[in-house]
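Work through the exercises below with the sequence and the coordinates open. Each task is followed by a solution in steps.

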Amino acid sequence: MSEPPISRGFRGRGGGNRNARVPPGQHLVEDFPVLSAGPTPPVDLANWRFGLDDGETPLAEWTWAQFQALPQTDLTVDIHCVTTWSKLDTVWRGVSIDTLLEAAGLSEPPAPFVLVHCDGGYTTNMPAEDLLDGKAMVAWEYDGEPLDPEHGGPARLLVPHLYFWKSAKWVQRLQFVDPQVPGFWEENGYHIYGDPWREQRYDGD
Amino acid sequence: MTVTDASLTAPKKAWMVATVREVIDETPRVRTLVLDVPDWPGHRAGQHVDVRLTAEDGYQAQRSYSIASAPGGRLMLTVEMLPDGEVSSYLAGEARVGDTFELRGPIGGYFVWSEDLEGPIYLVAGGSGIVPLMAMLRHRDSLGAAVKASQPAVLLYSSRTAADIIYRAELDTLAGPGVTIVHTLTREKPAGWTGLTRRIDSAMLAETGFTPDLNPRIFICGPTPLVESAAGSLRDLGHAAKLIKTERFGPTGK
């Protein structure tokens with residue numbers, strides 16, 4: 001449709017949300033809303049594992065202590081949820097995917113796509129290159145505190161340049177695959193890639 | 001599981017014009033808008049839409065709202081006015097019959113109930129979290145006797161006060177054989193109130209819900225603390241996590 005209808009009497013909040021850092025269709029929030037499809041899994045650091053797989057072949061796995069011993073990265077980024085909220089300057093600490101690949105002895109991803117697996121069965125997908133060059137991490141600290149379970153603690157994937165459902169909570173494994181395999185929301189009508197700046201919310205956007 | 005051509009070439013969900021046909025005051029802060037959407041493709045119970053408002057100067061704001069109506073009927077949205085809610089204050093306050101805005105959808109293929117999901121239905125709602133669950137109850141009510149007999153439903157619905165109960169009269173009429181409606185109030189105990197008067201807790205879930213061996217389909221919608229607590233309690237009571245579907249909304253207070 002070329003000309004959207006004017007909603008009589010709607011003025012909106014005005015300029016505050018027309019920030020150049022806010023993608024189209026998004027609005028700023030100060031709080032940190034929680035969205036999950038099912039129960040929050042209980043935290044169990046003693047049995048926590050994070051691994052990388054090439055297809056069905058395990059490449060590397062870390063315990064919580066081993067993961068904590070890896071070089072840590074701090075990242076301050078804007079995040080954008082497909083439900084239309086954005087939050088600026090969120091502060092995270094974790095281990096970059098670059099560091100994890102290096103620690104696994106890999107100079108590059110073994111396959112061009114990634115299927116992310118989480119506690120509770122949640123999955124999501126993205127091209128492997130979207131996780132490289134400092135663009136993504138496995139985050140375990142938010143705003144200087146251990147990540148709350150309802151926000152994905154002990155650790156979640158952080159891929160801030162894609163809609164936030166890609167930043168999977170309670171992450172356990174990155175599986176490198178070819179061809180691409182759609183994850184949970186991607187199988188349920190959401191966009192296969194999910195770039196907020198191109199407003200790729202739903203399949204077909 | 002691999003990407004099919006169909007999913008890569010799916011048509012973009014187009015923005016459609018919705019015209020307000022009727023406004024129903026549900027509570028002091030909640031209204032239902034009955035909409036006329038000529039191109040509406042139909043939906044399933046539990047799905048939502050994105051709403052986009054456009055101001056005269058071209059400014060736009062967009063939010064997601066659950067669909068309240070059963071599949072097949074006229075599209076209805078029930079919206080709670082949130083403090084400082086840019087879009088909700090318009091939909092639940094300003095909008096009048098004849099006003100127009102855009103929406104697209106339906107969206108969401110997960111928090112959905114249809115009659116082909118076998119087993120009893122256990123619905124847990126807090127506040128305006130009742131909306132997608134009401135679509136499920138309305139849909140179930142429209143089905144045949146065989147479905148109703150084999151798929152009994154229980155709704156546990158937490159409201160702050162009796163005046164905050166959304167759809168109260170209709171819920172009374174839906175209750176009956178196969179449908180149990182349990183209200184709990186968290187901020188008052190009015191004279192003559194026979195329902196519960198505390199926050200949803202594990203004992204309440206165990207008493208009102210189906211036992212785990214019956215494999216009930218569980219849908220929980222409401223503010224984050226209620227959803228977190230109820231989903232965790234139900235898992236601890238022995239319900240399989242994969243049968244517990246949740247939808248959260250609203251500010252977290254953090």
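**Exercise 1: the contact between the chains**

The contact takes 45 residues from chain B and 39 residues from chain A, where two residues are in contact if their C-beta atoms, placed from the backbone, lie within 7 Å. The model is predicted: local features need pLDDT of at least 70, side-chain atom pairs count only at pLDDT 80 or more, and totals for chains, interfaces and linings use all residues. Residues are numbered from 1 along each chain as its sequence is written, while chains are lettered from A and ligands numbered from 1 in the order in which they are written.

Task: state which element gives the most to the side of chain B that touches chain A, and how that side divides by class.

Solution. 
1. Elements are DSSP runs numbered from the N terminus: helices (H or I) of at least four residues and strands (E) of at least two.
2. Those of chain B that give two or more residues to this side are β3 (48-54), β4 (60-66), α2 (88-94), β6 (100-107), α7 (224-236) and β11 (244-249).
3. The most comes from α7(B), with 5 residues.
4. By class, the side of chain B has 18 nonpolar, 13 polar and 14 charged residues. Ala, Val, Leu, Ile, Met, Phe, Trp, Tyr, Cys and Pro count as nonpolar, Asp, Glu, Lys and Arg as charged, and the others, Gly among them, as polar.

**Exercise 2: a glycine in a loop**

Task: determine whether Gly178(B) is buried, partly exposed or exposed.

Solution. 
1. Gly178(B) lies in the loop between α5 (168-174) and β9 (179-185) of chain B.
2. A residue is buried if 20 or more other C-beta atoms, placed from the backbone, lie within 10 Å of its own, exposed if 12 or fewer, and partly exposed in between.
3. Gly178(B) has 19 such atoms within 10 Å, so Gly178(B) is partly exposed.
4. Not counting residues up to four places away in sequence, Gly178(B) touches Lys148(B), Ala149(B), Pro152(B) and Ala153(B).
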